[in-house]
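Open the model in a viewer and keep the selection panel at hand. The stops below go from a pocket to the aromatic rings.

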Amino acid sequence: MRVTRRSARTAAVATGAVAALLLPAAGAFAADGPDQGPGTGATSDRSVLWRNVDLADGSLAKVYQDGPGRFSAEIYAGGSLIDTLTSTDGRPAHGRNNGLHVVLRPDGTVSSWTEHAPAPEPAPAPKPKPKPTPTPEPTPAPEQASARVTLPDGNTARFYKSATWPRVEISRPNGRAVASLDLRHPTAGHHGWTYRLVDAGGHHYKLAAVDTPKQGAGSSVYDFWGRLVEKYVARKV
């Protein structure tokens with residue numbers, strides 16, 4: 001922005017009224033002053049502080065009336081004069097500095113605006129980190145029976161060895177469960193037969209399948225390897 005200095009200017013503002021002091025004009029302003037006509041003597045310039053205007057960027061414009069239909073404005077930023085605008089011959093004066101635009105109109109009014117720099121592009125939102133896929137727990141292999149036998153009643157017994165929790169699963173030929181025997185539930189019955197898990201000591205266990213007396217009262221005993229270790233057939237009378 002071009003900064004123009006006045007050759008000389010003195011302004012005074014009285015409280016409640018505006019007073020102006022007639023000052024001798026410098027040689028540069030002699031042409032700006034009104035023509036005094038012949039015989040009037042020296043040329044003079046009258047400048048009166050008309051108003052202060054706050055501009056769009058917070059700077060200040062001091063508007064002076066230099067004469068009929070003549071206004072000028074001094075632009076201050078941070079207490080320093082940065083430009084002077086003069087409106088003459090009914091034409092507005094325009095100034096620009098660091099993105100600030102100021103227009104002084106022939107009637108002494110002032111408008112201003114700032115150039116808005118384009119907003120910076122927003123930073124891209126960080127992509128969410130994918131959640132780690134949990135490692136599936138390995139599916140335990142189905143427990144394998146140590147032995148499988150067909151009992152005298154046609155049902156099937158499967159033996160599962162364990163030093164602390166041995167058990168026997170009994171099912172029908174079609175696979176439907178009949179009974180589950182362990183140390184807490186060692187006995188079960190089905191259609192006249194009784195199944196019993198026997199603790200033989202020393203972590204050795206046996207399964208006894210006993211028929212009812214009405215059906216002969218026979219019995220068969222198996223170890224956990226599925227071997228028939230005892231068999232009793234009731235004597236018929």
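Start at strand β18 (residues 204–211), which supplies the largest share of the lining of the largest pocket, three residues. Strands here are DSSP runs of E, at least two residues long, numbered from the N terminus. This is a predicted model, in which local features need pLDDT of at least 70 and side-chain atom pairs count only at pLDDT 80 or more, while totals for chains, interfaces and linings use all residues. Residues are numbered from 1 along each chain as its sequence is written, and side-chain values use heavy atoms, with hydrogens and water left out.

Next, select the whole lining: K161, S162, A163, P166, H203, H204, Y205, K206, D223, F224 and W225. A pocket is an open set of points on a 1 Å grid over the protein atoms alone where a 1.4 Å probe fits, with protein on both sides within 12 Å along at least five of seven lines; lining residues have an atom within 4 Å of a point. The volume of this pocket is about 160 Å³, taken as the space filled by probe spheres set on the points, which are joined across faces, edges and corners.

Rings of Phe, Tyr and Trp (its six-membered ring) pair if their centres lie within 6.5 Å; planes under 30 degrees apart are stacked, over 60 edge-to-face and the rest tilted. F159 is in strand β13 (residues 156–160) and F224 in the loop between β19 (219–223) and β20 (228–232), so the pair ties together parts 65 residues apart in sequence. F159 is buried at 0% relative accessible area, and F224 is buried at 5%. Buried means under 20%, exposed over 50% and partly exposed in between (1.4 Å probe, protein chains only).

A search of the whole structure finds three aromatic pairs. For another, select W50 and F71: the ring centres lie 5.0 Å apart and the planes at 55°, so the pair is tilted. W50 belongs to strand β5 (residues 48–54) and F71 to strand β7 (residues 70–77), 21 residues apart. W50 is partly exposed at 34% relative accessibility, whereas F71 is buried at 6%.

Finish with two charges over rings. The charged end of R167 sits over the ring of Y160, 4.2 Å from its centre; the criterion is NZ of Lys or CZ of Arg within 6 Å of the ring centre and within 35 degrees of the ring normal. Then select K62, which lies over the face of Y76 at 5.2 Å from the ring centre.

Note on methods
Helices (H or I, at least four residues) and strands (E, at least two) are DSSP runs, numbered from the N terminus.
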